[in-house]
Amino acid sequence: MAQMLGLFREEEAESAANATEALEQAGYSNENFEILTGSPYPEGAFGEREVKHKLYVFPFMGALLGFSVAMLVTGATQAAYPLVVGGKPILSLPAMTIIAYEGTMLGAILFTVLGIFFESRLPNPNAGIYDPRITAGYIGITLTVADERLNAVEQLLRRAGAADVIVKR
Amino acid sequence: MQQRVVLPQPQVNAELLKNALRAPLWYWGIMAFLGAIVVAGSVAVGFLMNKGFGLSGTNRPVMWGILIVDFVFWIGISHAGVMLSAILRLSKAEWRRPATRAAEVLTVFSLMIAALHPVVHAGRPWRIIYWSFPYDFSRGLWVNIRSPLIWDPSAIFTYLTGSALFVIVALIPDMAVIRDHTTGLKQKVYRALAMGWRGTPRQWKLQIVAGFLLSALLLPVFVSVHSIVSWDFAVMIGVEGYHVTIFAPYFVIGAVHSGVSAVVTMMILMKWMFGWGSYIREEHVESLAKLLIVIGTTWLYFFFVEFSFALYSMESQEIALREMQAFTWPYWPLALTFILFSYIIPIPLWLFRKVRRNFKIMFWTSLLVNIGMWLERFLIIVPSLARKQVWPFDWSTYHPSAIEVLIVVTAYALVFLLLMTFAKLFPLIPLFDIKEGQTLSDDIVIGKRRVPALRVEE
C-alpha cells in the first residue's frame with residue numbers, strides 16, 4: 001500500500017472535483033480520499049463527504065464546569081470566614097454572580113478551544129502525505145492505493161488534470 | 001462601490017509574509033527606538049519601586065493618577081479587537097477580512113499592558129498577590145469577593161485568555177503557510193506551531209465554526225470587562241462623579257469608540273509600513289468610518305445623559321464638580337480638547353465620503369479620537385477625587401510627575417513594540433481569510449456595468 005497525492009492548480013478546482021468523481025467511478029468511495037487546500041472552499045465543492053462534528057457540545061460542558069467552580073470558590077471562601085458585616089448575609093449573591101459569570105465564560109472558552117483541537121484532530125505531527133505547494137494554492141487529493149493499482153490511479157489523476165502526482169510508500 | 005483586486009495565492013503569501021520572512025532595515029530601526037523607550041520606562045518603574053510611590057504626583061485626596069487613567073484607556077482600546085472581529089464575523093461582513101487579525105492582536109497586547117498599570121500603581125507590586133489571591137491560610141482569611149478590585153482581575157483574565165486563544169486558533173493555518181515557506185530551524189519551529197495542519201475539509205470547517213463560536217462567546221465577555229472596570233468607580237458611593245448608574249454602558253461604548261478608532265490608525269499604519277495597499281483599501285477605512293459615526297454618536301448620547309443627569313440632581317456638590325470639570329483651570333482646556341477631539345472635529349468630517357476614503361485624514365482624525373478619549377478618562381478620574389471631601393481644606397489637585405509620564409509613554413511604546421514583534425513572527429493580515437475572500441469573489445453583469453458579487457455560504 002502507498003499514499004498518493006494528486007496536485008491540481010489553483011485555477012483548476014473544477015478538474016479536482018472531476019478527479020474525485022473519477023475516483024468514485026474507479027471504486028474509491030469519498031471516505032477513501034481526502035482533499036487538501038490552502039484556503040477554505042465551500043463545503044462539498046470537491047464532492048467530499050460532509051464533515052460531522054460535536055464542537056457545539058464543548059462550550060456547554062465548559063460553561064457548566066466554570067460556573068460550578070466559580071460558585072464553589074466564591075461560596076466556600078465566604079463560608080470559611082463567616083464574618084457578618086453590617087447585618088448583611090454571609091453569602092453575597094450579586095458579587096458571586098459577577099465572578100460566576102466570568103468563570104462560566106472562561107470555562108466555555110477553554111473547552112471550546114480544546115474541542116477545536118480535538119475535532120480538528122490536532123496536533124497531528126504524522127498526518128500523512130503532504131506537499132508545501134498546497135499552501136501556495138494547489139488543491140491536493142490524497143488517498144491510499146494498493147501497489148498493483150498505483151499506475152492506474154496515477155493515470156486517472158493525470159487525465160483529470162493533475163499537475164503533479166506524488167507517491168509515498 | 002467595492003473595489004476588487006483578485007490576486008493568486010502565491011502572491012498573497014509573498015506580500016503578506018514579506019515582513020515575517022525578511023524584515024527590512026527600517027523595521028529594525030523602529031524596533032531599536034521602541035526598545036530604548038521601553039528600557040527607559042523599565043528603569044523608571046524600578047526607580048519608583050525602589051524609592052516608593054511618593055515619587056508619583058498622587059497625593060491625598062487624589063490617589064489615582066494617570067497610571068489608572070491609562071489603565072482604563074488601554075482596557076478601552078482592547079475592546080476594539082474582539083468587538084470588531086466578532087461582530088463582523090457573525091454578520092459575515094466581507095470587508096472584515098484584512099481588519100480582524102490586527103484588531104484581535106491589538107486586543108491582546110493592550111489588555112496585557114492595561115493589566116500592568118495597576119501593578120505598577122500598587123507601588124509594591126508583590127503585594128498584588130496579597131490582595132488578589134487567597135492569603136493567610138492559618139487564620140482562614142480570604143479575599144473579599146464583594147470588592148470590584150477582585151471582579152476586575154477575574155474579568156480581565158477571562159478576556160485576555162479568551163482573546164489570546166482566539167488569535168492562536170486563527171493563526172494555525174497561517175503558521176502552516178510559514179512552515180511551507182521557510183527552511184532550517186525556523187521551519188522546525190513553525191512546523192511545531194502548525195501542529196500538523198494540512199488543510200483538510202474537516203480542519204477548515206472547524207476553523208470557520210471556531211471563528212463564529214469564539215466570537216459569540218467573547219462578545220458577552222467584552223461587554224462585561226468594561227462594565228466591571230466602570231464599577232471600580234461606580235460602586236464608590238462616596239465620590240461624586242463616580243457613583244453613576246449609567247457608567248457601565250457609557251464605558252463600554254466609549255471603549256468601542258476609542259478602540260475602533262485605534263484599529264483605523266493601526267490599519268493605515270500597516271498599509272504605509274508594509275505596502276499592503278492591495279489589502280487595506282479605501283473601502284475598508286470608509287466602512288470603519290461609517291461604523292465610527294454610529295458608535296461616536298451613541299457615545300455622545302451617553303456622555304450627554306451622564307452629564308445632564310448629574311446637573312438634574314441639583315446637588316450642590318455634584319454641580320460644583322461639573323463646573324470644575326468644564327470651567328475651572330487646569331481642567332477646562334482639557335475638557336474643551338476632549339470634546340473637540342473625540343466628537344466635534346472627527347465625526348462631522350467623516351460624514352464626507354472624500355474624507356472617509358482619504359487615508360491621511362482618517363489617520364489623523366482617528367488619532368484625535370484617542371487623544372480625546374484619554375482626556376475623557378482623566379476628567380472622570382482626577383477631578384472627582386480632587387473634590388472627594390466636602391470641606392475645602394481637603395480639596396487638592398494633581399500634577400503627574402515626570403516618572404509617571406515616562407511610564408505612560410512607555411506603555412504606548414511597549415504596545416507598538418509588541419505589535420511589531422508580532423508582525424515579524426506572524427502575518428498581521430490573516431492569509432486564509434483573504435484567500436477565502438478571493439475564492440468566493442465573483443463579478444456579475446448588470447446592464448452595462450460589471451459589479452463585484454459574492455457567493456455567500458449557506
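Colleague: What makes V108(B), L111(B) and M112(B) residues that L160(B) touches?

Modeller: In this predicted model, L160(B) is in contact with V108(B), L111(B) and M112(B), leaving aside residues up to four places away in sequence. Contact means that the C-beta atoms, placed from the backbone, lie within 7 Å. L160(B) itself belongs to helix α7 (residues 148-180) of chain B; helices are DSSP runs of H or I with at least four residues, strands are runs of E with at least two, and both are numbered from the N terminus.

Colleague: Why is L160(B) called partly exposed?

Modeller: L160(B) has 19 other C-beta atoms within 10 Å. Buried requires 20 or more, exposed 12 or fewer, and partly exposed is in between, so L160(B) is partly exposed.

Colleague: How do you know what span to expect for α3(A)?

Modeller: The expected span is 1.5 Å times one less than the number of residues. With 27 residues, α3(A) is expected to span 39 Å and reaches 37 Å from first C-alpha to last, which is close.

Colleague: What makes β2 and β4 of chain A edge strands?

Modeller: The open sheet of chain A runs β2-β3-β1-β4, with antiparallel pairing. β2 (33-36) and β4 each have a single partner strand, so one side of each lacks a neighbour in the sheet.

Colleague: How do you know that β1 and β4 of chain A pair?

Modeller: Pairing takes at least two DSSP bridges. Strand β1 (residues 2-8) of chain A and β4(A) have five, in the antiparallel sense. Q3(A) is opposite K168(A) in β4(A).

Definitions and conventions:
Residues numbered from 1 in each chain as written. Chains lettered and ligands numbered in written order. Predicted model: local features only at pLDDT ≥ 70, side-chain atom pairs only at ≥ 80, totals over all residues. Contact = placed C-beta atoms within 7 Å.
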